[in-house]
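These are notes for a colleague opening this structure for the first time. Please keep the model in view while going through the points.

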Amino acid sequence: MSGEQQQTPGTDGRPGGDGIRGTALGTAPVPLSVLDLVTVGAGSTATTAIRTAVELARSAERRGFHRFWVAEHHSMPGVASSSPAVLLAHLAAHTDRIRLGSGGVMLPNHAPLVIAEQFGTLEAMAPGRVDLGLGRAPGTDGATAAALRRTDRLHEGADDFPQQLAELTRFLDDSFPDGHPYARIHAVPGPVQATAPGGVQSPHRPPLWLLGSSGFSARLAGTFGLPFAFAHHFSAANTVPALDLYRASFRPSEVLAEPYALIGVSALAAEDEQEALRQVRTGALAMIRLRTGRPGLVPSPEEAAAHHFSAVEQDFVDSWLGNVVHGTPDAVRQGLDDLAKRTGADELMITANAHTGDVRRRSYDLIADAYGLPQG
């Protein structure tokens, strides 16, 4: 892929150190980050969920987490993150240092020019701390995807996504060749502004990340020399094979000299093991309802405790919770350490699924304390 941004060396002297590679703080084995789904609990509102996202981002910044991402989802009552760019603009106004990004924007749902304009605007708002993570899934069901795209033909094939990615990259870099139909079209804010009389080139451009839960994006990220984020939190069986494929496929680029992969991890810490289990069961019940076509708000721990799980549902809960790192702070720290060692991930992005923001914020603080992260 031509036209990728040239990153300046970070403090560690490696390419991309300021925009991609983080620094492990305290006793953490790798940099720690946060993925927030802006979840809406039963009895609460989207307004509260968005306020909570701001509080979580500011707390994550104080505690030394490297980045804070939000993800695109649609037609899910319990997830208020349908518009990542809008949320990120709000978060940028309430934070100063932490990297902010999409984990991710579902590229097939949007025209590449629109995404280039949105993230060019975000970069102008928060220079040097915006990530553009991209996925090729719709982030919803097929009918909703068709409504988003105004077509019944859902372009998610292996041939479409690389083409969309290449087009987005050229808009971000203003690098369409002469004679191309889009050569005279420019994403603004963007590099074209530097070519106008008196124009000054911005030193930053959002680094592209590819997201995935299988091998397709892993291979693509490796081929293009891009950083890769894997959804371990809902595709744990595929984590190691996908990371192996990414590393085997990796070709050095202007962005990265060597592979850099983070994994999303569902983790929740509480003062005692039983309370942690009580909280994470709410996420398991919410996922059962989603998988059976009944998406709703995140249930309370009391509702989850009172629910009668069928044998099939209980099997799902047991399997689901087997991939959630939960328990006391020490137990969660050990679980995250083991996961980092087993997968060789360069960064762990933690997502805490719980009914209330207070529980999630407390979990992040307990994990930060367990690793001796700064108090900020």
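1. Terms and numbering. Helices (H or I, at least four residues) and strands (E, at least two) are DSSP runs, numbered from the N terminus. The model is predicted: local features need pLDDT of at least 70, side-chain atom pairs count only at pLDDT 80 or more, and totals for chains, interfaces and linings use all residues. Residues are numbered from 1 along each chain as its sequence is written, and side-chain values use heavy atoms, with hydrogens and water left out.

2. Strand E7. Buried means under 20% relative accessible area, exposed over 50%, and partly exposed in between (1.4 Å probe, protein chains only). Nine of the nine residues of strand E7 (residues 261-269) are buried, so E7 is largely enclosed by the rest of the structure. In a regular strand the side chains alternate between the two faces of the sheet. In E7 both faces are covered: one side has Ala261, Ile263, Val265, Ala267 and Ala269, the other Leu262, Gly264, Ser266 and Leu268, and all are buried.

3. Partners of E7. Two strands pair if DSSP finds at least two bridges between them. E7 pairs in the parallel sense with strand E6 (residues 228-230) over three bridges, and Phe230 stands opposite Ile263 in E7. With strand E9 (residues 347-351), E7 pairs in the parallel sense over five bridges; here Gly264 stands opposite Met349 in E9. Strand E8 (residues 325-327) runs parallel to E7 and is joined to it by three bridges, with Gly327 in E8 as the bridge partner of Ala269.

4. Helices H5 and H6. How are H5 and H6 oriented to each other? Axes are lines fitted to C-alpha atoms, for helices over the stretch in contact, and angles run from 0 to 180 degrees between N-to-C directions. Helix H5 (residues 160-173) packs on helix H6 (residues 215-224) at an angle of about 40°, with their axes 12 Å apart. H5 and H6 are therefore oblique to each other; angles under 35 degrees count as roughly parallel, over 145 as roughly antiparallel, 65 to 115 as roughly perpendicular and the rest as oblique. The contact (heavy atoms within 4.5 Å) is made by Phe161, Pro162 and Leu165 of H5 and Phe216, Leu220 and Phe224 of H6.

5. Leu220. This residue lies in helix H6. Leu220 is buried, with a relative accessible area of 12%. Leaving aside neighbours within four places in sequence, Leu220 is in contact with Phe161, Pro162, Leu165 and Leu210.

6. Helices H1 and H12. The axes of helix H1 (residues 46-62) and helix H12 (residues 357-370) come within 10 Å and cross at roughly 10°. That makes H1 roughly parallel to H12. The contact is made by Thr52, Glu55, Leu56 and Ser59 of H1 and Gly357, Arg360, Arg361, Tyr364 and Asp365 of H12.

7. Cis peptide bonds. Gly103 and Gly104 are joined by a cis peptide bond with omega of about 5°, and Gly104 is found in strand E3 (residues 99-106). The peptide bond from Val188 to Pro189 is also cis, with omega near 0°; Pro189 is found in the loop between H5 and strand E5 (208-212).

8. Positive phi. Ser75, a residue other than glycine, has a positive phi near 60°. Ser75 lies in the loop between strand E2 (67-70) and helix H2 (84-93) and counts as exposed at 53% relative accessibility. Asp174, in the loop between H5 and E5, has a positive phi of about 50° although it is not a glycine. Asp174 counts as partly exposed at 26% relative accessibility.
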